[in-house]
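Subject: Structure for you to look at

Hello,

Here is the structure I promised. Please open it next to the sequence and read my notes below with both in view.

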Amino acid sequence: MREVQSTDSPSLLCRLYVLTGNRQHSRNARVDMASGKETTDEEEFLDDGCIFCLIANEEDKEAEVIQRSNELVCFKDICPAAPHHYLVVPRKHIMSCLLLNKEQIGLVEKMAEMGKDVLRARGVTDMNDISLGFHQPPYTSVDHLHLHVLAPKSQISTLFAHKFIPDSPRFITERTLRRCLQEITPPHNCLFDCLSFF
Ligand SMILES: [Zn+2]
Ligand SMILES: [Zn+2]
C-alpha cells in the first residue's frame with residue numbers, strides 16, 4: 001500500500017463549515033434517520049459534530065439545499081470552484097469513499113444521478129463537460145461522504161483546479177470509484193489499495 005502524505009492544512013471549505021456549523025443536534029433526528037438497517041463500525045447514521053449530517057437533516061439553516069430524496073441531499077458548495085458546484089451527500093453518515101464496498105455501488109450511482117438531475121434542472125446540457133467525483137482521504141475537507149458535482153468542467157477555476165484532477169490521489173471520479181468497488185469485497189481496506197494506484 002502506498003503511503004499517502006499530506007501537509008495540507010484544513011481547506012477553506014472545511015474551516016468555513018466548522019465556523020458556520022450549528023453543532024446543536026436533536027435526538028429526534030437520529031430516530032428519523034433510522035431505516036431499519038443496523039449501523040456497523042464503518043457506518044453511523046448520524047455524527048453529532050458533522051456539518052453535513054446537520055445539512056442532511058435540515059438542521060443547518062444556511063445551507064442552500066437544492067434537492068433531496070429519502071437517502072440523499074444535494075446542496076450548493078459554499079466555496080464554488082465552477083459556475084455550477086454542488087455536493088450530494090447520503091443522509092447516513094459515512095466517513096469517506098474508502099469505507100464503501102461493492103454493496104454500495106448503487107448508492108454511488110444514485111448520488112451521481114442526483115447530481116446530473118440537478119445540473120439538467122439548472123440548464124446544463126453538455127454532460128460531457130461535467131465532473132463528478134470524490135476527494136480521497138487525507139484530502140477530504142469534511143469527513144462525510146460527498147460527491148462533488150461541477151459544471152462546466154472546462155470552467156473549473158484555475159485556483160481550485162488542482163483539487164479536481166480526475167483520478168489523481170486527491171480526487172477519484174465516481175465512474176472509477178464504481179469500477180474499483182466492483183472488484184472489492186469487504187474488508188474495505190482493499191479499496192484503499194485499489195484507489196492508491198491513482
Ligand atoms: Zn455526517
Ligand atoms: Zn470535498
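Predicted model: local features only at pLDDT ≥ 70, side-chain atom pairs only at ≥ 80, totals over all residues.

Glu-58 lies in the loop between H3 and E2. Its phi is near 60°, a positive value in a residue other than glycine.

Asp-167 is found in the loop between E7 and E8. Asp-167 is partly exposed, with 15 other C-beta atoms within 10 Å.

Next, the sheet. In what order do the 6 strands of the open sheet run? The order is E2-E3-E4-E7-E6-E8, and the pairing is antiparallel. E2 and E8 are the edge strands, each pairing on one side only. From one strand to the next, the twist averages 30°.

Here are the pairings, starting from the E2 end:

- E2 (residues 65-68) pairs with E3 in the antiparallel sense, over 3 bridges. The two strands form a hairpin with 3 residues between them. Val-65 has Phe-75 in E3 as its bridge partner. Gln-67 stands opposite Cys-74 in E3.
- E3 and E4 run antiparallel and are joined by 5 bridges. Lys-76 stands opposite Tyr-86 in E4.
- E6 and E7 pair in the antiparallel sense, over 3 bridges. Gly-133 stands opposite His-148 in E7.

E3 is mostly covered, as 4 of its 5 residues are buried. H5 lies across E6, E7 and E8. Its angle to E8 is about 80°.

Now helix H4. It has 17 residues. From its first C-alpha to its last it reaches 24 Å, close to the 24 Å expected at 1.5 Å a residue. Which residues of H4 are buried? They are Val-108, Met-111, Ala-112, Met-114, Gly-115, Val-118 and Leu-119. Seen down the axis of H4, these buried residues fall within an arc of 155°, so they line one face of the helix.

What do the buried residues of H4 pack against? Their partners are E2, E3, E4, E6, E7 and H5. After H4 comes Gly-123, with a positive phi near 90°.

On to the core. The largest nonpolar core has 44 residues. Those with the most contacts inside it are Phe-52, Ile-55, Cys-74, Val-88, Val-89, Leu-147 and Val-149. The elements that give two or more residues to this core include the helices H3 (51-56), H4 and H5 (174-182). Among the strands that do so are E3 (72-76), E4 (84-90), E6 (131-135), E7 (147-151) and E8 (171-173).

Not counting residues up to four places away in sequence, Phe-52 touches Val-89, Val-142, His-144 and His-146.

Why is Leu-98 classed as buried? It has 20 other C-beta atoms within 10 Å, and the cut-off for buried is 20 or more. Leu-98 and Leu-145 are 47 residues apart in sequence. In space they are 9.3 Å apart, C-alpha to C-alpha.

Last, please check two peptide bonds. The bond from Pro-137 to Pro-138 is cis, with omega near 5°. Pro-138 is in the loop between E6 and E7. The bond from Ala-151 to Pro-152 is also cis, with omega near -15°. Pro-152 is in the loop between E7 and E8, and Asp-167 is found in that loop as well.

Best wishes

Notes:
Residues numbered from 1 in each chain as written. Chains lettered and ligands numbered in written order. Buried ≥ 20, exposed ≤ 12 C-beta atoms within 10 Å, placed from the backbone. Core = buried A, V, L, I, M, F, W, Y, C linked by C-beta atoms within 7 Å. Contact = placed C-beta atoms within 7 Å. Pairing = 2+ DSSP bridges. Expected span 1.5 Å × (residues − 1). Arc of directions from axis to C-beta. Axes fitted to C-alpha atoms, helices over the stretch in contact; angles between N-to-C directions.
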